[in-house]
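This report covers selected local features of one model. The sequence and structure are shown first.

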Amino acid sequence: MIQINRNDPCPCGSGLKYKKCCMNKMTSYAEHQLSESYFRRYRIKLKTPEDILGIKAAGKLVVDTLKLCEASIKPGMTTDDINTLVHEYTINHGAVPAPLNYHGFPKSVCTSVNDVICHGIPSDRKLLEGDIVNVDVTSILHGYHADANMTFFVGECSEDAKKIVNVARESLKRALTVVKPGKRIGDIGYTIQEYAEGQGCSVVRDYIGHGIGRGFHEAPEVPHYGRKNTGIELVPGMVFTIEPMINLGEPYSRVLSDNWTAVTTDGSLSAQFEQTILVTDTGYEVLTPYEL
């Protein structure tokens with residue numbers, strides 16, 4: 001590591017002495033070099049302490065919104081009712097629902113029922129006893145995004161529904177255990193794929209996790225399948241989502257005529273859970289914490 005004396009010019013280029021500039025800041029010169037390197041090589045924006053606090057605040061709102069949905073969902077409720085709930089709660093807490101008008105998406109939340117993998121558009125569709133519904137919430141609070149989702153049971157559900165929801169939940173839970181500096185993105189996907197396929201389910205390839213922060217979708221891409229020891233190395237300051245979409249049948253998807261709604265090609269059930277994750281010095285921190 002390069003040694004810098006107190007009275008040397010600060011390496012950040014400010015023109016000030018090191019002792020008057022970055023010496024007392026939380027970001028060290030080595031961290032600054034790493035941040036520059038990851039952005040130059042991968043377009044990954046390593047997050048500052050200020051960024052992390054901003055994402056964490058947005059994350060709390062996201063989780064509170066999901067808990068409100070969980071307490072409200074019941075047979076007879078429409079997915080548009082969920083949209084109204086999410087939209088009003090988000091706005092009333094000083095935030096913006098990120099999906100609304102994002103590349104033309106017409107609603108404030110994604111609601112994906114049964115064989116819908118992701119990006120379901122809320123409508124007058126009524127939820128029925130035995131359905132499963134994924135609610136995917138992304139909020140922008142003071143310029144920072146946080147993203148999380150959960151799949152909920154609507155009343156009493158079949159054994160198949162219970163299986164796919166539990167496998168999706170456990171897939172995310174297991175993926176979190178490999179997030180730490182020195183691991184690679186491929187390790188995350190490998191862990192999910194090995195577990196889900198071992199349960200007789202499949203992993204969707206067409207939709208993946210992503211970096212997040214000031215932007216809704218940033219680098220890196222985070223596939224939910226892969227090989228060990230491949231992909232970008234995880235380093236402190238990386239923030240991204242892990243959001244495995246698990247199908248009870250085949251892994252294939254198709255998009256409906258609305259150009260958003262992705263469904264399983266064989267009509268099988270699909271479930272998903274998602275968290276926004278920070279890589280720390282020793283492991284990880286969930287910035288959208290809820291119990292898996």
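Ile246 lies in strand S10 (residues 245-247) of this predicted model. Its relative accessible area is 0%, so Ile246 counts as buried. Beyond the neighbours within four places in sequence, Ile246 contacts residues including Ile164, Val167, Ala168, Ile192, Cys201, Val203 and Leu269. Leu100 is 146 residues from Ile246 in sequence, and the C-alpha atoms of the two are 25 Å apart.

Strands S4 (residues 132-141) and S5 pair in the antiparallel sense, over 10 bridges. Val137 has Ala148 in S5 as its bridge partner. The hairpin of S4 and S5 has 2 residues between the strands, and His142 there takes a positive phi near 50°. In S5 (residues 144-153), 9 of the 10 residues are buried.

The structure contains 3 aromatic pairs. Two of them are listed here.

| Pair | Centre to centre | Angle between planes | Class |
|---|---|---|---|
| Tyr38 and Tyr42 | 5.0 Å | 70° | edge-to-face |
| Phe105 and Trp260 | 5.0 Å | 85° | edge-to-face |

Tyr38 and Tyr42 are 4 residues apart in helix H1 (residues 29-42), which means that about one helical turn separates them. Tyr38 is buried at 5% relative accessibility, whereas Tyr42 is partly exposed at 25%. The pair of Phe105 and Trp260 links distant parts of the chain, 155 residues apart. Phe105 is in the loop between strands S1 (96-97) and S2 (110-113), and Trp260 in the loop between strands S11 (253-255) and S12 (262-264). Phe105 is buried, with a relative accessible area of 2%.

Charged groups also sit over rings. The charged end of Arg205 is placed over the ring of Tyr225, 4.9 Å from its centre. For Arg214, the charged end sits over the ring of Tyr144, 4.0 Å from the ring centre.

Methods: Residues numbered from 1 in each chain as written. Predicted model: local features only at pLDDT ≥ 70, side-chain atom pairs only at ≥ 80, totals over all residues. Heavy atoms only, no water. Buried < 20%, exposed > 50% of the residue type's maximum accessible area, 1.4 Å probe, protein only. Pairing = 2+ DSSP bridges. Contact = heavy atoms within 4.5 Å. Phe/Tyr/Trp six-rings, centres within 6.5 Å; stacked < 30°, edge-to-face > 60°. Lys NZ or Arg CZ within 6 Å of the ring centre and 35° of its normal.
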